[in-house]
Amino acid sequence: MTNTLSGKSQGNEVPTKKKVTGAEAVVLSLLEEGVDILFGYPGGAIMPVYDELYKYQDQLKHVLVRHEQGAVHAAQGFARVTNDVGVCIATSGPGATNLITGIADAMIDSTPLVCITGQVAKHLLGTDAFQETDVVGISMPVTKWNYQVTKASEIPEAIAKAFYLAKSGRPGPVLIDITKNAQFEEFDFEYKKCEKVRSYKPVEPAEESTLEEAAKLINEAKKPYILVGQGVILSEAQKEFIEFVEKTGAPVASTLLGLSAVSADHPQYVGYLGMHGNYGPNVKTNECDVLIAIGMRFDDRVTGDLSRYAKQAKVIHFEIDPAEIDKNVKTDVAVIADAKEALTRLLPKLENRTHDAWLEEFRACDRLEEEKVHVNDFAPDTKKPKMAEVVKMLSEMTEGKAVIVTDVGQHQMVTTRYYEFRQSVSNVTSGGLGTMGFALPAAIGAKFGKRDREVVMIAGDGGFQMTLQELGTIMQEKLPVKILILNNSFLGMVRQWQQMFFERRYSFTEMDNPDFVKLAGAFDIEAMRVSDRESLHDGLTAMLNSEESFLLEVVVEKETNVFPMIPTGESVSNVRLE
């Protein structure tokens, strides 16, 4: 816990009053919430707060990014690996709007953020003043809560409420917009953490009757099937979840954001769900008799055609957000609760079961996928290495224990298929929004959050170029982030779709790229290019052995496709293996 006005924070203790400016109140409020790092970019309407940050550098580290989008993605990366609230700060107008993509990304991926923006003075609101924009209106659909502060005295309560809302219940982003006059005004500061908000009930205990119903269905199931989502990680319920899996004896598959909740080498783990997920986990969805979804929201990339999704199964949905119940998939038993609390109470009600024959059906699918997909992905029949070879080798060399931060595209799907996550909280990626440019700044935030772990960013050549300016942040902070670019000189996933569904018309997807090695050199980052599989191991070794940041560009085969694949609008039963 950080320093407070009266020393150590003591929960509900009311700190000593002190007359401060609104700008100083912002800093003091962040310290009261235990914040010790934030990511941001200064500008005119937030300058008073930056002036105060200068005074508090020994208590609150500010990371100067190179673009506000980098700030919000870095805050996301930090939040995802620490389960704490990520904080970012920007000025008004373009500074504020540059946060919006990351805020939307955090909203759909349930990432707790507090975003603070400066605003023109109160008397200028609505006058189209310089760098004025209605960021409260703009961000309303993509924030859990937002608020414009126009008086300094509102700042402590607004920030306390922001942290409470961001973290409680289903996590998400909030935004506090502070007018410049409020930053200059003085008032008597006192801080009290928010512990409840009237009419907002973030989570209730699971109803006993629904737990009884769920246990009965699970105990009687012949072919139970568990889907794990990020909710298990967010509630820190990994231990209870593994007990649940082993007691039921059921196969367990993961959503994109649920990856690493269960180790890839667990005997009941059957793989990854979704459009480019594993064959068995997808097709067996339509053969199970009880489908148990925990902390996931039945995204369309997981379900495919909803009218043909798990119609034969009884569906049990464990979910903290009531709005997700029956939104996409009709449930038979809805357990609305925090995953950890619900699983803890459910476990004593379950009988020990095994389902070896049912599990073997998944393994038969694995063998088919091996024969049809893996053999091609790892066949040395091309001059340049394939993405799958790179990811598999990285997985082996890091023993599946690195924090992997991926961008969006083919490399992301290949990574989620072939990196064998063996340590929880290791997968950071943009799930719901699919934000290209996410990876590099998110990796910066992840490294600040987990300085003791290897953090490897994996991006394609397209996504990397969307936020490559953050190499400057890495340079300035001397941050040992490992940067792996899988360069196929294409917007690979779009090209794959053009090949498969648009008669191979590659409309504006081929890229002429800069020399990434020279580019890294300009930022004083060591770099290497690998263009053949014989040099791949040496390249990865150099990257992983480096104690500093390192950029490894691997020139991969240009036109490989990612399979399996469920074409858009198709049933999960119609998985294409080639």
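Predicted model: local features only at pLDDT ≥ 70, side-chain atom pairs only at ≥ 80, totals over all residues.
**View 1. Helix α1 against helix α7.**
Here α1 (residues 22–32) packs on α7 (residues 155–167), with 9 Å between the axes and an angle of about 30 degrees. Angles under 35 degrees count as roughly parallel, so α1 is roughly parallel to α7. The crossing of α1 past α7 is right-handed.

**View 2. Side by side: the residues where α1 meets α7.**
From α1, the contact takes in Gly 22, Ala 25, Val 26, Ser 29 and Leu 30. Facing them from α7 are Ile 155, Pro 156, Ile 159 and Phe 163. Sort the α1–α7 contact by class and you get seven nonpolar residues, two polar ones and no charged ones.

**View 3. Helix α16 crossing helix α23.**
In this pair, α16 (residues 387–397) and α23 (residues 536–545) have axes that come within 11 Å and cross at roughly 50 degrees. That angle makes α16 oblique to α23. As for handedness, α16 goes past α23 in a right-handed crossing.

**View 4. The residues where α16 meets α23.**
On the α16 side, look for Glu 389, Val 390, Met 393, Leu 394 and Met 397. The α23 side brings Leu 536, His 537, Leu 540, Thr 541, Met 543 and Leu 544. By class, the α16–α23 contact comes out at eight nonpolar, two polar and one charged.

Key: Residues numbered from 1 in each chain as written. Heavy atoms only, no water. Axes fitted to C-alpha atoms, helices over the stretch in contact; angles between N-to-C directions. Helix = DSSP H or I, 4+ residues; strand = E, 2+ residues; numbered from the N terminus. Parallel < 35°, antiparallel > 145°, perpendicular 65-115°, else oblique. Left-handed = near helix turned anticlockwise from the far one by under 90°. Contact = heavy atoms within 4.5 Å. Nonpolar A, V, L, I, M, F, W, Y, C, P; charged D, E, K, R; others polar.
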